[in-house]
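Please walk through this model with the structure open beside the text.

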Amino acid sequence: MAEGITDLDMNSFDDAIGSSDTPVLVDFWAEWCGPCKMIAPILEEIAAEQEGIKVAKVNVDDSPDLARRYEIMSIPALIVFENGEPAKKLIGAKPKGALLEEIGEFL
Amino acid sequence: MNDIRDVIIIGSGPAGLTAAIYAARANMTPLVIEGEPSSTSDQPGGQLMLTTDVENFPGFPDGIMGPELMTQFRSQAARFGAEFVTRKVTRVDFSARPFQIWVGEDQYQAQTVIVSTGAQSLMLGLPNEQRLLGHGLSTCATCDGFFFRDQEIAVVGGGDSAVEEATFLTRFASKVYLIHRRDELRASKIMRDRAFANPKLEILWNSQVVEIEGDKKLSGVILEDTVTHIRESLSLQGLFIAIGHRPNTDLFQGQLELKENGYLVTEPDTSKTKVAGVFACGDVQDDYYRQAVTAAGSGCMAAIDAERWLEEHSQ
């Protein structure tokens, strides 16, 4: 059964990403970002519907070090991690169909 | 094929959502085709989704964040029964009633249509611009300002939104250049005074960006003096574009009358277009005021115009 979205921060990130046996789609977001709010429900749907991928999110206000580590300069930024390493980075809000297409190779 | 609706509203900025509130309260069960997520201003909620503090919308003495304001507009419309489709209209046919609207393969029909598709930000149209978007180049100060803490950045433009963005970005950046091609700002006096008083903000007059530089990340721009045509480079970590807007009217070419500048034509003092039963409100038909509150006001006019028109024309 698919799960919801996990909140990750500097302390939990490496373990959660490193130990995952499926790809993880991580949403870097913040409270003050309008487009981030808009894609939040889409990510919840993906988390619920897609069994092949986990969805997590990182609040860049709380974890600026993670944002810096992955050279994020614009949010929403979505990074797919595979075997603990970033495999694909998507920047900007997109409709669900376009997003699913972009991450199709990981599903 | 769906039932024939009383009214379909295309677009969901202050104009469309105000029209939705009024139409919903008039029991017209409006369907709002609100657009789809994007990081440009062509998205549900419209331009305010990319705006920081809105200080001139009445009723919010301490200001309110643009996205927050639009969330409240939407909840208010939903509360009275407005329905939403979070997709983009792909085609319309206003040549006969009921009017036809397509969203991909899905077809909708309505007795009246309110067009409130707004306007979207213009880009510079330079090479490298699309490639560096999200890599130091941004159209959304609220989204991205945070990532430029203690860095040197620039905003291109000279209107209210450019000056507001530049002022906002001084919260993060160590230095903000405002690159403007004229020798005076179009922005309102309060915004100008705020900019002139800000020690972190420097205005580069008579300057335009002619090249954007950067490999994986933006590294700077080449500026040309609009008077002397002398070029010089300016190294930057971030560049924000706020040079104005164009109306979202591509959908209505050949269906509604457009002005030469692309804005929709409405009959003076009303929201009526040349097609009876199709109304327009907000920035898509306003190339002069372009404020959230005027858009909201015109949205109210469109809903009332649509309601009266339905009363007069119901069979």
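Start with helix 1 of chain B, where Pro14(B), Leu17(B), Ala20(B), Ile21(B) and Ala24(B) meet Phe73(B), Arg74(B), Gln76(B) and Ala77(B) in helix 2 of chain B. Sorted by class, this contact between helix 1 and helix 2 of chain B holds seven nonpolar residues, one polar and one charged. The model is a predicted one.

Two packed helices are described by the angle between their axes and the distance between the axes. For helix 1 and helix 2 of chain B, the axes come within 8 Å and cross at roughly 20 degrees. Angles under 35 degrees count as roughly parallel, so helix 1 of chain B is roughly parallel to helix 2 of chain B. The crossing of helix 1 past helix 2 of chain B is left-handed.

Now turn to another partner of helix 1. Helix 1 (residues 14-25) of chain B packs with helix 7 (residues 292-313) of chain B at an angle of about 40 degrees, and their axes are 7 Å apart. That angle makes helix 1 oblique to helix 7 of chain B. Helix 1 of chain B passes helix 7 of chain B in a right-handed crossing. From helix 1 of chain B, the contact residues are Pro14(B), Ala15(B), Gly16(B), Thr18(B), Ala19(B), Tyr22(B) and Ala23(B). Among the residues they meet in helix 7 of chain B are Ala292(B), Ala295(B), Ala296(B), Gly299(B), Ala303(B) and Glu307(B). By class, the contact of helix 1 with helix 7 of chain B has 13 nonpolar, four polar and one charged residues.

Chain B holds an open sheet of five strands, in the order 10-17-11-12-13, with parallel pairing. Its edge strands are strand 10 (137-138) and strand 13 (201-204) of chain B, each of which pairs on one side only. Strands of a sheet pair through backbone hydrogen bonds, either parallel or antiparallel.

Look at strand 11 of chain B. Strand 11 (residues 152-156) pairs with strand 17 (residues 238-241) of chain B in the parallel sense, over four bridges. Strand 11 also pairs with strand 12 (residues 175-179) of chain B in the parallel sense, here over five bridges. Strand 11 of chain B is mostly covered, with four of its five residues buried.

Why does helix 5 of chain B count as largely enclosed by the rest of the structure? A residue is buried if 20 or more other C-beta atoms lie within 10 Å of its own. Eight of the 10 residues of helix 5 (residues 160-169) of chain B are buried, so helix 5 is largely enclosed. The buried set includes Ala162(B), Val163(B) and Leu169(B), along with Glu164(B) and Glu165(B). What covers the buried residues of helix 5 includes strand 11, strand 12, strand 13 and strand 17 of chain B. Helix 4 and helix 6 (189-197) of chain B are also among the covering elements.

Last, check the backbone. Most residues other than glycine have a negative phi, and most peptide bonds are trans. Two peptide bonds to check are cis: Ile75(A) to Pro76(A), with omega near 0 degrees, and Arg97(B) to Pro98(B), with omega near -5 degrees. Pro76(A) lies in the loop between helix 3 (64-69) and strand 4 (77-82) of chain A. Pro98(B) lies in the loop between strand 6 (91-93) and strand 7 (99-103) of chain B.

Positive phi values follow. Asn128(B) has phi near 80 degrees. Asn128(B) sits in the loop between strand 9 (119-121) and helix 3 (129-132) of chain B. Arg290(B) has phi near 50 degrees. Arg290(B) lies in the loop between strand 19 (278-280) and helix 7 of chain B. With 17 C-beta neighbours inside 10 Å, Asn128(B) counts as partly exposed. Arg290(B) is partly exposed, with 18 other C-beta atoms within 10 Å.

Methods:
Residues are numbered from 1 along each chain as its sequence is written. Chains are lettered from A and ligands numbered from 1 in the order in which they are written. This is a predicted model: local features need pLDDT of at least 70, side-chain atom pairs count only at pLDDT 80 or more; totals for chains, interfaces and linings use all residues. Two strands pair if DSSP finds at least two bridges between them. Helices (H or I, at least four residues) and strands (E, at least two) are DSSP runs, numbered from the N terminus. Axes are lines fitted to C-alpha atoms, for helices over the stretch in contact, and angles run from 0 to 180 degrees between N-to-C directions. Angles under 35 degrees count as roughly parallel, over 145 as roughly antiparallel, 65 to 115 as roughly perpendicular and the rest as oblique. A crossing is left-handed if the near helix is turned anticlockwise from the far one by less than a right angle, and right-handed if clockwise. Two residues are in contact if their C-beta atoms, placed from the backbone, lie within 7 Å. Ala, Val, Leu, Ile, Met, Phe, Trp, Tyr, Cys and Pro count as nonpolar, Asp, Glu, Lys and Arg as charged, and the others, Gly among them, as polar. A residue is buried if 20 or more other C-beta atoms lie within 10 Å of its own, exposed if 12 or fewer, and partly exposed in between; C-beta atoms are placed from the backbone.
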